[in-house]
Amino acid sequence: MPEPDENHSKGNIVLVTDGASIPDPREWRLINAWSISLAGAICVLAGLFLFSPDPYERIVRYLPDGMLVTFKITIMSICFAVPLGLLTGLGRISRNRGINLIASTYVEIIRGIPLLVQLFYIYYALSRFVTVSGTTSAVIAISICYGAYMGEVFRAGISAIPKGQTEAARSLGFSRVQTMFLVVLPQAWRTILPPVGNECIAMLKDTALVSIMAVPDIMQRARSFVGTTYLYFETYTVVALVYLIITLLLSKAVSIMESRLNYYDGK
Amino acid sequence: MTANDPPMTPGAGVPNDAPIISVRNIWKFFGNLPALQDVSLDVRAGERLVLIGPSGSGKSTFLRAINRLEEVDRGQILVKGQNIMSRENNINLIRRDLGMVFQQFNLFPHKTVLQNVSMAPLKLLKLSRDEAEDRALALLKKVGISDKANVYPAMLSGGQQQRVAIARALAMQPSIMLFDEPTSALDPEMVGEVLDVMVNLAEEGMTMLCVTHEMGFARTVADRLIFMADGQIVESGQPEALFTAPRHPRLKQFLNQIL
């Protein structure tokens, strides 16, 4: 049995949400929603740190360990969720009735269950049969959940490629699989990347849920800090700002990658 | 199919008497609408066929049925004696021998012009990169566009894109070329450059099936003109004969409308 977490009755109402909005790569003005948010968050954090080192310096020093755990869970989940999403998307457009049904059922079931319930299910409910660590169950639950959402993204991105591309490749003698991997996916990736990036950022935010299972991520570190100091306002202010800065930076990174993928538009 | 059939090799010749393409009584339905009704046609190697007809007459469907981009519901299509519907024959190998050019060009936008043309020989025929690129460059030269080898298709005009598409189809060294309204999406001033390439190809003896509205091209290039209406071949024969002395009222009506 996993150790019950003494904190898990508090503050655990978090749902799967849409990710941060990806900045438009064509946005050239210096002052926009993204830059205001980022500058604001950094200024507030720096201001608190400078003008009120106690307790903010202590809080800021306490969190980085948790940040590593958050990143670790996010990256591991991305590594499983993206291939799972690709498989699901391919399954959803498959002509094979069986494969199609499996993929569609998976998406239907997962989308109907809150991520938090899925996390609890794998961590607590399934512990009757297998015991998995908090981190592992977090990665499994998040990957399975986001795999289903990304499946839809992949399906939509693949379907958006004109049929003529497939016909041209097939008429040259490429097989269905070769056509998918040489012609369709490389083009679909461009439409897929922003929403997949978005899902990855949403995923990072949703890793805050794992604090409930005593996984020492940012949120859990904050909660244990609060547990000894009772500095709720100060701690959660810093946590909010840290998450905000991370997601803003990541959404910019996705935006830059997106514009890099536009290389063949010409003109 | 019997075991005695020769294996399909691109560019392999067939006996002169045997048709290179043999279409027998094919039917194709879109829902309840018959797009092709009991169409039969034999094409000999080196023959240049032009298919004309009003829109919705089934001529594009017919052309696309020959390389199985459209699956026919009834009937049989033999390409070099191989039934293209049969599970025993690998359609991907048969398609290598059937180059196709589309109305909308359908170049791969994420590949350069050179990559578009060299991709199939590189990946399917397993040529080395040098060999594939040499072949591609030679073809690009042939269609008069070798100076654009390293740009992306979006940088090209419609006429240039279509010439690249022809080069891409030729890169597999097919023995038959299918053209599906290759000039219909082009601005008028670009039609000529594409037709020139096609005329050259015809002069080299390529077996060609071409759906087009270019009557001048049909008249000068076609060995045989096929007029389709309502999913059927209504009249066929020497282009000169069809243009000057059409017999079927549908063809008369069609020629009156376009000439």
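Analyst: What follows is a chat about salt bridges, a pocket, a helix and cysteines. Please keep in mind throughout that this is a predicted model.

User: OK, salt bridges to start with. How many are there over all chains?

Analyst: Counted over all chains, the structure holds 19 salt bridges.

User: Can you show me one inside a helix? Which residue does A:D54 meet?

Analyst: The side chain of A:D54 meets that of A:R58 in a salt bridge, with 3.3 Å from N to O. Both residues belong to helix α2 of chain A, which covers residues 53–62, and they sit 4 residues apart, about one turn of the helix.

User: And how exposed are A:D54 and A:R58?

Analyst: A:D54 has a relative accessible area of 54% and is exposed, because the cut-off for exposed is over 50%. A:R58, at 42% relative accessibility, counts as partly exposed.

User: What about B:R64, which residue does its side chain meet in a salt bridge?

Analyst: B:R64 pairs with A:E167, and the N to O distance in this salt bridge is 2.7 Å. A:E167 lies in helix α7 of chain A (residues 163–172) while B:R64 lies in helix α1 of chain B (residues 59–66), so the pair joins two chains.

User: Are those two buried or exposed?

Analyst: A:E167 is buried, and B:R64 is buried as well. They also take part in a network of salt bridges that links A:K163, A:E167, B:R64 and B:E70.

User: What does B:R247 pair with?

Analyst: The side chain of B:R247 forms a salt bridge with that of B:E235, at 3.3 Å from N to O. B:R247 is in the loop between α8 (239–244) and α9 (249–258) of chain B, and B:E235 is in strand β10 (residues 232–237) of chain B, so the pair ties together parts that are 12 residues apart in sequence. B:R247 counts as exposed at 62% relative accessibility, whereas B:E235 is buried, with a relative accessible area of 5%.

User: Switching topic, how much space lies in the largest pocket, and which residues are closest to its centre?

Analyst: The largest pocket has about 1100 Å³ of space. It is lined by 30 residues, of which A:R95, A:T166, A:R170, A:R176 and A:T179 are the closest to its centre.

User: Which helix gives the largest share of that lining, and what kinds of residues are in it?

Analyst: The largest share of the lining of the largest pocket comes from α8(A), with 6 residues. At least two lining residues each come from α3 (64–93), α6 (134–159), α7 and α8 (176–206) of chain A, and from α2 (91–96) of chain B. By kind, the lining divides into 11 nonpolar, 8 polar and 11 charged residues.

User: Is helix α5 of chain B mostly covered or uncovered?

Analyst: Helix α5(B) is mostly covered, with 13 of its 13 residues buried. This helix spans residues 158–170 and reaches 18 Å from its first C-alpha to its last, close to the 18 Å expected at 1.5 Å a residue.

User: Last one: how many disulfides are there over all chains?

Analyst: A search of the whole structure finds 0 disulfides over all chains. For A:C200, the closest cysteine sulfur is that of A:C79, 9.6 Å away, which is too far for a bond. A:C200 counts as buried at 13% relative accessibility, and B:C210 counts as buried at 1%.

How values were computed
Residues numbered from 1 in each chain as written. Chains lettered and ligands numbered in written order. Predicted model: local features only at pLDDT ≥ 70, side-chain atom pairs only at ≥ 80, totals over all residues. Heavy atoms only, no water. Salt bridge = Lys/Arg side-chain N within 4 Å of Asp/Glu carboxyl O. Buried < 20%, exposed > 50% of the residue type's maximum accessible area, 1.4 Å probe, protein only. 1 Å grid on protein atoms, 1.4 Å probe; cavity = no way out; pocket = protein on both sides within 12 Å on 5 of 7 lines; lining within 4 Å. Points joined across faces, edges and corners; volume = space filled by probe spheres on them. Nonpolar A, V, L, I, M, F, W, Y, C, P; charged D, E, K, R; others polar. Expected span 1.5 Å × (residues − 1). Disulfide = S-S within 2.5 Å.
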